[in-house]
Amino acid sequence: MPIAPLPEQLVRTARLTRGAPRGATLTRDGGTVLFLRGRAGDDPAACLWALDVDGGTERLLAAPREGVDSYATDRAGRLIVFTTAGALWTAGTAPRLLPTPRPVSDPRPDPAGRHIAYVHEGALRLIGADGTADRAVAVPDGPDEEFAWAPHTHTTAPDGPHGHWWSPDGTRLLLARTDWTPVRPAARPGRRPAPAGTPNAEVTLWLADLDGSRVPVPWDRSAHEYLVGAGWDPHGPYAVVQSRDQRELLLLGIEPGDGTTRVLHAQRDEPWLRLVPGLPARSGSGTPLTHRDLRGTRHLLDDGVPVTPPGLQLRAVLAVEGDDVLFTASEEPTETQLWTYRPGAGSRRLTERPGVHSGARRGGTLLSTGDGTTVRREGRPALAVASYAERPSLEVRATVLRLGPRELRARLHLPSWHRPGGDPLPVLVDPYGGAGAQRVTAATDWRSLVSQWFAEHGFAVLVTDGRGTPGRGPDWEHAVHGDPFGPVLDDQVTALREAARRHPALDLGRVAVRGWSFGGTLALFAVLRRPDVFHAAVAGAAVTDQRLHEAHRRERVLGHPDEHPGRYAAASPLHEAHRLSRPLLLLHGLADPEVPPVHAVRLSAALRAAGRPHELVLLPGAGHQPIGTPLTVDVLNRQVRFLRRHLAVTPVASGPRGQGAS
């Protein structure tokens, strides 16, 4: 039976994202949706579009040959700026190129639409909306310093990290400065975060006038060295800072005149304090919006009072408009729904269909994403934003399961050609990507399609979300404290055995495991510690020495390595290389900025020194995730060939060249 050419489609469509609307925002009055979208499902150049909510008509604002990289608007949505190929443009009746040095990144018009702040080579610059008076506001003193970049602000900002924020009247800026000097020299050029146990970059805040004069914003950095959020709302500038052990968080109000700070809200939790995107924040009335974990539920709090019910797990706050709060939450961990809260009215669910929803709300208009992008305005029928994305070349055929006493959420993919009573199938365990990610959800994404593609090659593919994943509450997340892999590996074994008990077609005498990033490290531990269960492994972009991984991410779970060296050793498969007794394929991108290839190279050297046969494939030019790049076909087919060879799988007939593994 021919196998659908999914790998080629993932390359051509950038993992099925081309032609789909993305980056959608609403203008202040809610009357217009701005978004990026290519003209077809294989068009790599994203265009900037505007959808009139009342009329239902689309208008093309910009279609540069290289595509739009990013865009931003003023408060009213009249001044729209975008970047393409490192240049800054305004979108209007006709796009206009602004005379700035290149490359330009993170352009942000002031709320009144008079000026545009942007970043160029570590400096914050300013240009008038009419294209005049381009000048520097803050220039770094050396190559290890940069303005307008705060690397950890992505942890509380739903739209990613930033480093400069306008005052509501557009006359001043709150500005971050990052000094990379304390960080190991090897990490500085690529902005790689400091490894666990080493000094972090020094991030400070400043209040900047448009003439370049600056006032420092002081706080006790020795007690709270992470800047994890900042902004300027109607009540003034603010900052969110976190302790190195990630157990304490402060919301600081900043005095606009002299930069002094005061604590507006303090929060502490054990074993770590979970950061919720969009929080803490201030409502229109000035009350602090925060969260708290109470009796197994993560609640939204307004002025210290829980306003969401038990069992509803808060995910993120997406928008605060006056006293109205738009947020996402889960009653069932495989689903994420949109909710709203308003004082006096309580919390109310806005989306009904199963899915993984997100969105925005402004001016009485609700924008929701999940199963497509939809706009709802009071008194008008729902309006869909058209998508030109290609349909997947294969259909996901999977059964959703709840396995074992913990009711592990799992999904079992079987080949479309397999029939009950047929020959037993070898099993491929395809675990999730780590504590911050889920694989088993009500949404179908490219990872689900890849799991099905492996199934079509003759495997029963089992995907399970174990302990540590979001959506099931704080106790579930904290279960991996001190040991991020042991409980998770136990969950994978439990899920495998329970799934085989329900589905006799699964052959437990032929079980392999594949994973990427966290999943790659988990795959290594699977064959190192449980060779009685797992008979082969494919490990991609695996962290093999936890001391080399990012401090903010690793220390949250493992603590500081100087205080807990045993935890780091136990979580690093490099120290167990001598135990390998099963076939292993290591894959790693040579241009991986998140997990450098030294992880794979060092593990391979340790395996060779211990006399343990394995295969190592270093991928030239590949970053952390090669799927969707030109290497996709080779990376996936190489894995299939390896798994077939070591699990004695009969090859399935392939389609035209490249469609299936040969």
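This is a predicted model: local features need pLDDT of at least 70, side-chain atom pairs count only at pLDDT 80 or more; totals for chains, interfaces and linings use all residues.
## Overall build

The protein has nine helices and 41 strands. Its radius of gyration is 25 Å, close to the 26 Å that the globule rule gives for 662 residues, so the protein is as compact as a globular protein of that length. Taken along the principal axes, the C-alpha atoms fill a box of roughly 70 × 60 × 50 Å. Of the 662 residues, 55% count as buried.

## The sheet β26 to β29

Four strands make up an open sheet in the order β26-β27-β28-β29, and their pairing is antiparallel. The edges are held by β26 (313–321) and β29 (346–349), each of which pairs on one side only. On average, neighbouring strands of this sheet are turned by 30° against each other, direction ignored.

Within this sheet, seven bridges link β26 to β27 (residues 324–330) in the antiparallel sense.

Strands β31 (residues 365–370) and β32 (residues 372–377) run antiparallel and are joined by six bridges. S368 has T374 in β32 as its bridge partner.

β3 pairs with strand β2 (residues 32–37) in the antiparallel sense over six bridges. In that pairing, the bridge partner of L34 is A50 in β3. β3 also runs antiparallel to strand β4 (residues 58–62), with four bridges between the two. Here W49 stands opposite L60 in β4. β3 and β4 form a hairpin with five residues between the strands, and G56 takes a positive phi near 75° in this hairpin.

## The hairpin of β11 and β12

Strands β11 (residues 123–128) and β12 (residues 135–138) run antiparallel and are joined by three bridges. R125 has A136 in β12 as its bridge partner. The two strands form a hairpin with six residues between them, and G131 in the turn has a positive phi of about 90°.

## Cavities

The structure holds five cavities of 30 Å³ or more. The largest cavity contains about 130 Å³ of space. It is lined by 13 residues, and the closest to its centre are P151, H152, N200, A201 and V203. By class, the lining of the largest cavity has nine nonpolar, two polar and two charged residues.

## The second largest pocket

The second largest pocket has a volume of about 340 Å³. Its lining consists of 16 residues, of which D324, T340, R348, L350 and R361 are the closest to the centre.

Two or more residues each come from β28 (337–342), β29, β31 and β32. The most come from β28, which gives three residues to the lining.

## Residue A648

A648 lies in the segment after α9 (632–647). With a relative accessibility of 58%, A648 counts as exposed, because the cut-off for that class is over 50%. In sequence, A648 and R510 are 138 residues apart, while in space they are 8.3 Å apart, C-alpha to C-alpha.

Note on methods: Residues are numbered from 1 along each chain as its sequence is written. Side-chain values use heavy atoms; hydrogens and water are left out. On a 1 Å grid over the protein atoms alone, a cavity is a set of points where a 1.4 Å probe fits but cannot get out, and a pocket is an open set with protein on both sides within 12 Å along at least five of seven lines; lining residues have an atom within 4 Å of a point. Grid points are joined across faces, edges and corners, and a volume is the space filled by probe spheres set on the points. Ala, Val, Leu, Ile, Met, Phe, Trp, Tyr, Cys and Pro count as nonpolar, Asp, Glu, Lys and Arg as charged, and the others, Gly among them, as polar. Two strands pair if DSSP finds at least two bridges between them. The radius of gyration is taken over C-alpha atoms; the globule rule is 2.2 Å times the number of residues to the power 0.38. Buried means under 20% relative accessible area, exposed over 50%, partly exposed in between (1.4 Å probe, protein chains only). Axes are lines fitted to C-alpha atoms, for helices over the stretch in contact, and angles run from 0 to 180 degrees between N-to-C directions.
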